[in-house]
Amino acid sequence: MEKKWTAVIEPSNNLMDLKLKEVWRYKDLIWLFVQRDFKTRYKQTLLGPLWFIVQPLFTTIVQTFVFGNLAGLPTDGVPQFLFYMAGNVPWLYFSTCLTSTSNTFVGNAGVFGKVYFPRLTTPIATVISSVLNFLIQFVMFLGFTIYFMLRGSAVHITWVAALTPLLILEMAMLGMGFGIIVSSLTTKYRDLQVLVGFGVSLWMYATPIIYAASSLSPKMYTAIMLNPMSPIVELMRYGWLGSGTTPWVFWGLSWIVTFIVLFLGIIMFNKVEKTFMDTV
Amino acid sequence: MEEKDIAIQISGLKKRYRLGVIGGGTLQGDIQSWWARKRGKEDPNSVVGSKQHQKNATFMALDGIDLTVEKGQRLGIIGHNGAGKSTLLKLLSRVTAPTEGKICIDGRISSMLEVGTGFNGELTGRENIYLNGAILGMTKAEVDAKMDQIIAFSECGQFIDTPVKRYSSGMYVKLAFSVAAHLDSEILIMDEVLAVGDVAFQKKCLNKMSEVSQSEGRTILYVSHNMSTIRQLCEKCIVMSHGKIIYSGDVEEAINIYLQAESIESPYIEYKNFPEMNRLKNPKVKIESARFIDKDDILFDRNSDKLPIEINWENREDIQDMSLRVEILKFDRTPIAASIYPDFYSGKKGEKGSIKFMLEMPNLVTGKYTTNFTFFHKLSNGSHVNIEVVHGLYFNIVQGPEPIDWQSRYFGNILLPELEVID
């Protein structure tokens, strides 16, 4: 009878084996990483969690001034301040997920070089702990929305708002998918890291954040909506402000892209994790 | 041996590393290299003159390892730096993957290649126990069950809710070791981590390791350069050299082989052939060779002989008032005695020098010995700076019967003259 081994270590594994079961076995570790991130983040800081409000708030104020007042871009009849903030808050979550997971291998080389645990736990924990920042920012956004509603602005919450958890999940998956692809490549090519910051800021302009998708020509609208982040931002805005469009077909498409990116990301990540200590 | 009693089975394990710089480091560099090769031109990123060499420059850190470890066995792994010990442990703990071969493991493995992996200074001792435990593969429930034991063992109970960045380095290490010592895994891999903490704690750790191995049947793989801890902990030992296992079996025998592997049974040493015998990286003076004058073996008689030695060297820099120290050591490199010859040499860069001398032997008892040759500068305050240190010639004392069966452990290595009785 063949002996049953707990683990067999060989030069290469089956590529299609995503090893998600193993990640699940280490779920306690994921939670501990999240707790660690949360507990250590605000130690010895002046403003603590308030820092996470500062960034989207000031971005929004600047955008309101530059794009709203100076350039006079239309905002679907919604107060400009709310319009920009509704785009900034989800975008910030997505870009945080992408940039912070893109550093997984290089940033954790010290720990990874000494002990084995499923490496995928690290980016997953990062994405989860970033949700907390997002929630803080989202509460701020809701506060402003309610304030503007009370002041009688043309803002109303629609049933689409109920999809928010799904939208968050998709952003997390998409951001992590791209992030771990980059992190797999950066073990060898460090300069890709520079490209990430630059790429993300360009990507923002291909997403309807500072302009309304409804103001685009039909051709441009299609092109912009092919960007998987566009339907997410658009639906978010429709849900909470009741303005803009509901690109359901494009949203379906963006889910397909999300799954493909994440799947590819995990395959690349698993392939690199086996030997990255030799090249990092 | 029944198959079910096997904890680890390694077959044909190899690990290859590429020498030199891996890739250009940047995407641009790699594309440049690729484009140059494509056009049949010289790679702009390769080292000048090493075009062909670069391609095949690989290094086998492990070169065909076969090893079977039984359950509950405490296996010591010894070998010189670069023998492949750490690479083997890295492969076993899945930090990196092998190039060839296969490792089959029955049971959970926890590796301690370093103590306190993943410790976060901002977190308290207790929080770090959870985090470190989880990194090492325990669930939260398992850590909970062992929490009190871990805290008690670490001797840090008083500070357990203080951030570990406020800990002393000793406490830090104690806490980290305690977590690992209480893991539930069946196989424990340790890379010389016991070389930390105070003596009492080291002893406590070793005892703990032996205890868990015996009472819970855990398998332990332990790498160390400290032979006494190997003796205490291990029941079987392998010796590695240049990526291969050269001996597997009895601990004492293994230690002997390990020590011998370095010895040169020759009255003449050409140092360029034995780079591992040089102890300094960039010496100002480079010892090139050493020999016993007019001798073709290394056997000496205690009663009659002095050691006639010649040392040759080359000056790498201008040298002023260099002194020589010759140390006599036991085979396991425990120092016994030394002779000093002060301020005997000055010379210009590039010149070669040599010295012939007779080394007086203390009344060494029968056995194997070795020497160290050290060039140094005396400083005005009485201390000194070494400028070249090499492992010197080996020699055996073969004659000179001791009055009784000599037990070096208790008597030492020098037979003093018979007592001079007064009245």
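Helices here are DSSP runs of class H or I with at least four residues, numbered from the N terminus. In this predicted model, helix α3 of chain B is followed by B:R94, whose phi is positive, near 60°. The helix itself spans residues 85–92 and is mostly covered, with seven of its eight residues buried. The buried ones are B:K85, B:T87, B:L88, B:L89, B:K90, B:L91 and B:L92.

Chain B also meets chain A. The contact draws 31 residues from chain A and 40 residues from chain B. On the chain B side, the elements that give two or more residues are β4 (100–105) and α4 (125–135). Of these, β4(B) gives the most, with five residues. Sorted by class, this side of chain B has ten charged, 13 polar and 17 nonpolar residues.

The strand β4(B) also pairs across the two chains. Strand β1 of chain A, residues 7–9, runs antiparallel to β4(B), and three bridges join them.

Two packed helices are described by the angle between their axes and the distance between the axes. For α8 (residues 164–186) and α12 (residues 248–273) of chain A, the angle is about 35° and the axes are 8 Å apart. The crossing of α8(A) past α12(A) is left-handed. Residues making the contact include A:M173, A:F178 and A:I181 of α8(A), and A:W255, A:L262 and A:F269 of α12(A). The residues of this contact divide into 13 nonpolar, four polar and one charged.

Definitions and conventions:
Residues are numbered from 1 along each chain as its sequence is written. Chains are lettered from A and ligands numbered from 1 in the order in which they are written. This is a predicted model: local features need pLDDT of at least 70, side-chain atom pairs count only at pLDDT 80 or more; totals for chains, interfaces and linings use all residues. Two residues are in contact if their C-beta atoms, placed from the backbone, lie within 7 Å. Ala, Val, Leu, Ile, Met, Phe, Trp, Tyr, Cys and Pro count as nonpolar, Asp, Glu, Lys and Arg as charged, and the others, Gly among them, as polar. Two strands pair if DSSP finds at least two bridges between them. A residue is buried if 20 or more other C-beta atoms lie within 10 Å of its own, exposed if 12 or fewer, and partly exposed in between; C-beta atoms are placed from the backbone. Axes are lines fitted to C-alpha atoms, for helices over the stretch in contact, and angles run from 0 to 180 degrees between N-to-C directions. A crossing is left-handed if the near helix is turned anticlockwise from the far one by less than a right angle, and right-handed if clockwise.
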